[in-house]
Amino acid sequence: MPTELATPAPTAPLSSLEGAQPLQRLIGELQAELPQLEVRVPSALTREYAVDASTRGRLAGIDIGPAVAFPSTAAEVQVIVRTAAELGIAVVPRGAGSGLAGGATADERQLVVSTERLDRVVEVSPLDEVAVVEPGVINADLNRHLEPYGLFYAPDPASWDISSIGGNIATNAGGLRCAKYGVTRESILALDVVLADGALVHVGHRSIKGVTGLDLVSLFVGSEGILGIVVAATVRLRPIPVARRTVSAFFATTAAGADALAAITRSTVRPSVVEFFDSRTLANIDAHSGSTLTARGGALLLIELDGYGIDEQSADLRAALEAVGGLVTEESVEDGEALWELRRSGRGFDPAEWFAGGDIAVPKSRIPEIFAHFPVVEERFGVTVGAVAHAGDGNLHPVITLRIPEGADPGVVPPQLHDAAVALAEFALELGGTVSGEHGIGSSKLGLAALELSERSREAQHAIKRALDPAALFNPGKAI
Ligand SMILES: Cc1cc2nc3c(=O)[nH]c(=O)nc-3n(C[C@H](O)[C@H](O)[C@H](O)COP(=O)(O)OP(=O)(O)OC[C@H]3O[C@@H](n4cnc5c(N)ncnc54)[C@H](O)[C@@H]3O)c2cc1C
């Protein structure tokens, strides 16, 4: 997997033992007050908790991981946070560690609060169409739990079987189906949050509507663990659609496929998923997975329809895409599943190449322009650029690669990969987009965020942080 781009992460001196004493005191006090709580001391055994999915490559340089607490109740989280605040210890909330922005990284002077054991589905209410869940519940497990009720929780990051609901909330995770159902924010009605002083607050409403006071749910959703620890969420559910169908549309070139997106928008069909694969991505999948996608065309729109009237939807979609040159197939259930599996895990990374990734987003009408810009970036920086896109909502995952010359040190990534990613992000901003569509800023993209946020907007964000966490103990150095 590519390292998310692009500014060097602020590095903490992992070998320093400064601050170890207060951390030892914290662990001692927690063991005395909460004898049932498991707390691991900083050691080689906690190294996994120093990194997330995008920073695993750094593990080799880390000898000692952070302290890690595994609370199983909200009350335990409150005691942990209150005690850490008294002793001035930084607290890093952590879900499943699948993040791609260095958001859950921690060092040996910090305490990670893992939500792994806060993993209960507390309630499912079919009549209110809500569930109340603890943050450590894995996204896919929630949907398995909901199936007998005929309901589902819509936000479906491609990491749905390895990421937690709490992590999804903290990153405002997107996913494939947000083309129709929206991102995580659209599915969160209320939250229980432990604040920096250990207080537990309930924000939001179980009702669909609710406008009393400021919308603190929206503030906490996407706040990347810097404002509080989510200990429960009231999430919105929907009926499992009566039918789902996969439709593929192959096009001769990347440009033709990107242009065809407008035909979907102009039609009255609203697919649940619209994924776009450019020529490089199709070639990469074939090389890595032994598939034969490139024999069918040079670019692919992979689409899921759902709901009533699936035959009518399918016919309208076919007409719209054939009119712009698409080779359209309504896939069988098996072939459709095989195509989605290629989408989820078909891409590979060549160890003979350096690579960098990203998750820029643009207004969906500008997708053809951003793909058309790839050759410009390739030419300027001497790299290759390909992308798969959640095209239904304008979110791209570019992969920038460069062949490692014979004799070069693979660990020394040349600056042009970073520069190429910055250039792409800048172009996304020019098109009215953003430097991060769904993975967040974490510790890896602070420099990119600075390109997007105005000085006044950053000041406002820091003021909110100070109001809720004056000592800056929650996830320091991340997100803003
Ligand atoms: C193969 C793969 C595919 C992916 N696909 C997608 C995708 O399609 N869409 C997408 O959006 N992302 C995707 N991701 C990124 C990642 O899975 C998401 O960002 C996910 O939401 C992170 O959840 P997590 O439980 O792993 O959180 P972590 O990585 O543990 O934490 C992420 C951030 O959330 C904070 N946090 C975690 N739990 C809490 C809590 N209870 N309270 C407060 N803060 C908390 C952490 O401090 C950190 O800042 C993908 C990752 C991988 C590895």
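These legends describe close-up views of a predicted model. Local features need pLDDT of at least 70 and side-chain atom pairs count only at pLDDT 80 or more, while totals for chains, interfaces and linings use all residues. Residues are numbered from 1 along each chain as its sequence is written, and side-chain values use heavy atoms, with hydrogens and water left out.

**View 1. The shell around the ligand.** The ligand is surrounded by 34 residues, each with a heavy atom within 4 Å of it. Pro-93, Ser-98, Gly-99, Ser-159 and Ser-164 are the closest. Helix α4 (165–171) and strands β4 (91–94) and β11 (229–236) each supply at least two residues of this shell, and α4 gives the most, with five. Helices (H or I, at least four residues) and strands (E, at least two) are DSSP runs, numbered from the N terminus.

View 2. A side-chain N or O atom of Ser-159 is 2.6 Å from a ligand oxygen atom. Backbone N or O atoms also take part: one of Gly-174 lies 3.0 Å from an oxygen atom of the ligand, and one of Val-230 lies 2.9 Å from a nitrogen atom of the ligand. The ligand alone exposes 980 Å², of which the protein buries 93% (Shrake-Rupley method, 1.4 Å probe).

**View 3. Helix α12 and its cover.** Helix α12 spans residues 415–430. Its buried residues (under 20% relative accessible area, 1.4 Å probe, protein chains only) include Leu-417, Val-422, Leu-424 and Phe-427. Among the elements covering the buried residues are β17 (353–357), α11 (367–381) and α13 (446–452). After α12 comes Gly-432, with a positive phi near 90 degrees.

Notes: A polar contact is a pair of N or O atoms within 3.5 Å; within protein, one must be able to donate a hydrogen and the other to accept it, and residues adjacent in sequence count only if both atoms are side-chain atoms. The expected span of a helix is 1.5 Å times one less than its number of residues. Buried means under 20% relative accessible area, exposed over 50%, partly exposed in between (1.4 Å probe, protein chains only). Contact means heavy atoms within 4.5 Å.
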